[in-house]
Amino acid sequence: MKISNNLISRLFNSNKVNLIPDRLLNIIIKKQNIYFIKSELNEFPEVNYPFNFSLKDLENNLINFKKNPFKFPFNEFPQLALLLKFLFKENKNFSLFDFGAQYIDNYLFLQNINPNIDYYYHDQERNNLLIKEFINKKNLKNITVIEKIDNINQKTFDFVYFGSVIQYLKNYEEILEKILIMKPKYVFFSGTNFYFNYSEEKLISKQLNVFPQINYCYFFKFSYFKNLLYSRGYSLDYVAENLHGNLINYKHMNKKINDHCKYFDVLFKLNE
């Protein structure tokens with residue numbers, strides 16, 4: 001049975017949804033193929049997108065990498081290593097700041113393909129501590145954990161990578177300001193949700209396709225997001241639909257805002 005878009009929005013934005021068994025909610029989400037709905041919240045909840053791993057998970061990362069060191073890591077832009085090789089082919093060394101890096105597979109793969117990379121890692125607080133412990137345990141080279149974003153004012157990055165993460169950050173403007181003031185050469189946002197005509201600069205959505213975990217994320221008006229970077233001395237160098245873009249169902253969001261959402265990879269370059 002098809003459920004109307006308005007009814008889906010009212011249901012999942014209502015407090016009464018907590019009274020419905022998860023099993024039934026999961027059936028509704030799967031049957032209706034719901035990825036995102038427009039949230040009625042004005043700001044993110046205090047806890048959003050919890051993501052934890054263990055030292056054993058990191059050990060498995062390393063074991064799997066050694067078995068197949070040329071297998072692309074699971075991220076929103078698997079061609080990242082090749083892009084870096086193209087951009088920095090003349091450089092003896094270059095630095096990359098991976099914001100929201102999660103596991104260590106990105107580092108392992110990038111280091112293998114680009115041995116002249118200095119890799120900087122940042123994620124949620126607990127994950128930062130585990131990565132530091134794992135680095136010391138395995139004596140990994142050319143990797144540094146940035147525990148707090150306020151600690152980057154003495155760093156210089158050539159490339160900053162937001163792998164489908166900027167939209168989950170409540171204070172994304174503050175974070176961008178702290179990073180862009182250092183003038184990295186490139187800033188790359190992969191797997192980011194955009195719309196084009198809806199009047200608001202950004203809106204909050206409720207992500208349901210990973211239920212029972214529920215995340216909240218921003219959708220950005222593309223012109224607004226570009227201007228955030230343009231105003232800080234950057235120009236648009238590359239934009240394309242993400243490799244996974246055709247797998248995402250935006251129909252509920254499109255109907256709600258009367259727009260056509262896209263899952264984009266966007267690369268900005270510092271103006272010389």
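**Residues, then the whole chain**

Trainee: Asn127: buried or exposed?

Mentor: Asn127 has 0% relative accessibility, so it counts as buried. Buried means under 20% relative accessible area, exposed means over 50%, and partly exposed is in between, with a 1.4 Å probe and protein chains only.

Trainee: What should I know about the model before we go on?

Mentor: It is a predicted model: local features need pLDDT of at least 70, side-chain atom pairs count only at pLDDT 80 or more, and totals for chains, interfaces and linings use all residues. Residues are numbered from 1 along each chain as its sequence is written, and side-chain values use heavy atoms, with hydrogens and water left out.

Trainee: Back to Asn127, then. Where is Asn127?

Mentor: In helix α6, which covers residues 125-138. Helices (H or I, at least four residues) and strands (E, at least two) are DSSP runs, numbered from the N terminus.

Trainee: And what does Asn127 touch?

Mentor: Phe51, Asn52, Phe53 and Tyr121, once residues up to four places away in sequence are set aside. A contact here is heavy atoms within 4.5 Å. With Phe51 there is also a polar pairing: its backbone oxygen is 2.8 Å from a polar atom of the Asn127 side chain.

Trainee: Which other residue in α6 is worth a look?

Mentor: Ile131 is in helix α6 too. Its relative accessible area is 0%, so Ile131 is buried.

Trainee: Which residues are in contact with Ile131?

Mentor: Beyond its neighbours within four places in sequence, Ile131 contacts Phe53, Leu58, Gln102, Ile104, Tyr121 and Val145. Phe53 and Tyr121 were also named for Asn127.

Trainee: Switching to strands. Which strand holds Asp98?

Mentor: Strand β2, residues 94-99. Asp98 counts as buried because its relative accessibility is 2%.

Trainee: What does the side chain of Asp98 pair with?

Mentor: The side chain of Asn106, in a polar contact of 2.9 Å. A polar contact is a pair of N or O atoms within 3.5 Å; within protein, one must be able to donate a hydrogen and the other to accept it, and residues adjacent in sequence count only if both atoms are side-chain atoms.

Trainee: What else does Asp98 touch?

Mentor: Leaving out residues up to four places away, the list for Asp98 includes Tyr119, Tyr120, Tyr121, His122 and Tyr161.

Trainee: Loops next. Where does Asn48 sit?

Mentor: Asn48 is in the loop between β1 and α3, the latter being residues 55-67. At 17% relative accessibility, Asn48 still counts as buried.

Trainee: What is Asn48 in contact with?

Mentor: Tyr168, Asn215 and Tyr216, ignoring neighbours within four places in sequence. The backbone oxygen of Tyr216 is 2.7 Å from a polar atom of the Asn48 side chain. As for Lys170, it is 122 residues from Asn48 in sequence, but the C-alpha atoms are 8.9 Å apart.

Trainee: Why does Asn33 count as partly exposed?

Mentor: Because its relative accessibility is 37%.

Trainee: Now zoom out. How many helices and strands does the chain have?

Mentor: Nine helices and 10 strands. The radius of gyration is 20 Å, close to the 19 Å of the globule rule for 272 residues, so the chain is as compact as a globular protein of that length. That radius is taken over C-alpha atoms, and the rule is 2.2 Å times the number of residues to the power 0.38.

Trainee: How many of the residues count as buried?

Mentor: 52% of the 272 residues. Also, of the contacts with a separation of 6 or more, 77% are between residues 24 or more positions apart.

Trainee: And the box that the C-alpha atoms fill, what is it roughly?

Mentor: Roughly 60 × 45 × 30 Å, along the principal axes.
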